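Please read this briefing alongside the sequence and the model.

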Amino acid sequence: MALRLHFDLAKTLRLAEHAVAADKHVASFTEHENHTRCLGALEWVHDDGIYLMSNGLPRLRTQSGANLTVRAEGWDPRVNDHRSDPDLGGDDFVEHLHLTEQPHPLINVLRAAHAAGLGWLELTVSKTPSRCG
């Protein structure tokens, strides 16, 4: 069974726009090891709950100075009880969701969905790879 994570689309788009506008970015582990450049990504994080943040530098901050994040609906440990799901595995992680990769840049998908009045970004997580027909 797949886990569906929901993120506020307008807030997610703010993070994405910051990431693609930034001149510098936090590289993923693979990008760092391969000495490749990232052109902007959302960092999908599982540690203290589940959330997204921009990988753009300088970081996008809240008024208190913390990194601005968008929490997955129902996965904020400050509000919800601790949750786990076997599809996420047992370890904390950071995955980069690249925003400008072709042929369908994620930034364009987010912009179009927001312009159409949609309210949520849904990430579907599964232990097994999806099959495209």
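A polar contact is a pair of N or O atoms within 3.5 Å; within protein, one must be able to donate a hydrogen and the other to accept it, and residues adjacent in sequence count only if both atoms are side-chain atoms. This is a predicted model, in which local features need pLDDT of at least 70 and side-chain atom pairs pLDDT 80 or more, while totals for chains, interfaces and linings use all residues. Residues are numbered from 1 along each chain, and side-chain values use heavy atoms, without hydrogens and water.

**Helix α1**
- Helices (H or I, at least four residues) and strands (E, at least two) are DSSP runs, numbered from the N terminus.
- At the start of α1, a side-chain oxygen of Asp8 comes within 3.2 Å of the backbone nitrogen of Ala10.
- Buried residues (under 20% relative accessible area, 1.4 Å probe, protein chains only) in α1 are Leu9, Thr12, Leu13, Leu15, Ala16, His18 and Ala19.

**Nonpolar core**
- A nonpolar core joins buried Ala, Val, Leu, Ile, Met, Phe, Trp, Tyr and Cys residues through side-chain atoms within 4.5 Å.
- The largest has 27 residues, of which Leu5, Phe7 and Trp44 touch the most other members.
- With five residues, α1 gives the most to this core.

**Aromatic pair**
- The structure has one aromatic pair (ring centres within 6.5 Å; edge-to-face means planes over 60 degrees apart).
- Trp44 and Phe93 are edge-to-face, because their ring centres are 4.9 Å apart and their planes at 75 degrees.
- Trp44 in strand β3 and Phe93 in strand β7 are 49 residues apart, and both are buried.

Definitions and conventions. Buried means under 20% relative accessible area, exposed over 50%, partly exposed in between (1.4 Å probe, protein chains only). Rings of Phe, Tyr and Trp (its six-membered ring) pair if their centres lie within 6.5 Å; planes under 30 degrees apart count as stacked, over 60 as edge-to-face and the rest as tilted.
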